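Biologist: I have the sequence and the model open side by side. Please take me through the ring pairs and the ligand site.

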Amino acid sequence: MTSLLGSHTYQEITTQHHAWAASLSAVKEQAASWLDWLRKPREVIFTGCGSTHYLSLAAAANWQSTTGIRARGVPSSELWLFPDSALPTQSALLIAVSRSGETTETLRAVETYEARTQGDWLAVTCYADRPLVARAPHALVAQQAEEQSVAQTRSFTSMFVVTLALAALVAGRDEDLIQLQTVPEHGKRSMAEYESLARALAEHHRFERFVFLGSGQNYGLACEAMLKMKEMSLSPSEAFHFMEFRHGPKSVVAPGTLIVGLMSDTARAQEAAVLAEMRDLGATVLALAESSDGLTADHVIEFKSGLDERARSVLALPVLQLLAYYRAMSKGLDPDRPTHLDAVVRL
Ligand code: F1P
């Protein structure tokens, strides 16, 4: 029996808070025996492809903010093909992120890393019985985040939450861990509260272009929201650091542009000024923020979570996944099977 258009994607998006809770428990269980190994002070390199490359960008920004240890995110293909410029020059910890655990570039990146540095590495994935885990010294498996759909939704957010928890454990920041325990409930609440807004904006066919803005650890998340919109709905979709948008890309802003701002606390005033300026240029503006105070926007998704911006960042994704899902459905596309895409890129 063929599934209804997008049924897997919708189910995976709307249940992801359960996968977050299960993933947080998995971190406690699985990491307990190798936490001292993880805490050895060394630079951390996150790597992945597509969605998991963008996850690596966000996770690296959070890791450095949370632990004070230098961290960066690099596409797997860069580590594999350009190790001289992409690999660290001294001993490091590689964290290879892959939903499937069998993407060729990520497996090649790990092989290159092992051959060149003999460094330590950790796999973060959703499937235990795949090549990545088979060769990993240590692995964190978010089994409950497995997906039928090609486009990553709950797998992405669950693996991202895993990296937030690992960073908090390495830093010994118990308050962060306490906050993360409440994130599934906040995710469920905000998705229920704003699903109708996401659907209304998605079905508004005046929008011809989507721009996602984020800074700090929100930049990687803005890139992921951009990719969801592109993969699921085939809509023109771009992502930028907030302040970068003025330096040229804003030339595309027009009445058919929806600007989506993933707001931080750290740079809120500067970010709010960018949104107000783009609204004056004719864009429609959607802000995702802890509160709407002082924001000039057409629509605001307020989290009112009381959480630190690092823990709160993941809450932006479910509603932006729904924006992409409903946009695809409104165009008669099947979000479960994005055009030209497979769940795993094997070379
Ligand atoms: C990486 C990836 C996905 C993309 C598509 C193809 O997969 O590029 O990010 O959305 O599904 O594969 P993985 O290494 O995280 O399994």
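Biologist: How many aromatic pairs does the count come to?

Modeller: The model is predicted. Rings pair if their centres lie within 6.5 Å. By this rule the count is seven aromatic pairs.

Biologist: Tyr 10 and Tyr 325 form a pair; is it stacked, edge-to-face or tilted?

Modeller: A pair of aromatic rings is described by the distance of the centres and the angle of the planes. Planes under 30 degrees apart count as stacked and over 60 as edge-to-face. The centres of the Tyr 10 and Tyr 325 rings are 5.4 Å apart and the planes stand at 45°, so the pair is tilted.

Biologist: Which helices does this pair link?

Modeller: The two residues are 315 residues apart, and the pair links distant parts of the chain. Tyr 10 belongs to residues 7-14 and Tyr 325 to residues 316-330. The helices are H1 and H14.

Biologist: Which polar side-chain atom lies 2.5 Å from an oxygen atom of the ligand?

Modeller: A backbone N or O atom of Arg 99 lies 2.8 Å from a ligand oxygen. Gln 152 has a polar side-chain atom 2.9 Å from a ligand oxygen. At 2.5 Å, the polar side-chain atom is that of Thr 103.

Biologist: How much of the ligand's accessible area does the protein cover?

Modeller: On its own, the ligand has 390 Å² of accessible area. The protein covers 95%.

Biologist: How many charged residues does the shell around the ligand have?

Modeller: The ligand is surrounded by 14 residues, with Ser 51, Ser 98 and Ser 100 among the closest. By class, four are nonpolar and seven polar, and the charged residues number three.

Methods:
Residues are numbered from 1 along each chain as its sequence is written. This is a predicted model: local features need pLDDT of at least 70, side-chain atom pairs count only at pLDDT 80 or more; totals for chains, interfaces and linings use all residues. Side-chain values use heavy atoms; hydrogens and water are left out. A residue is near a molecule or strand if one of its heavy atoms lies within 4 Å of it. A polar contact is a pair of N or O atoms within 3.5 Å; within protein, one must be able to donate a hydrogen and the other to accept it, and residues adjacent in sequence count only if both atoms are side-chain atoms. Accessible areas come from the Shrake-Rupley method with a 1.4 Å probe; for residues, only the protein chains shown count as cover. Ala, Val, Leu, Ile, Met, Phe, Trp, Tyr, Cys and Pro count as nonpolar, Asp, Glu, Lys and Arg as charged, and the others, Gly among them, as polar. Rings of Phe, Tyr and Trp (its six-membered ring) pair if their centres lie within 6.5 Å; planes under 30 degrees apart count as stacked, over 60 as edge-to-face and the rest as tilted. Helices (H or I, at least four residues) and strands (E, at least two) are DSSP runs, numbered from the N terminus.
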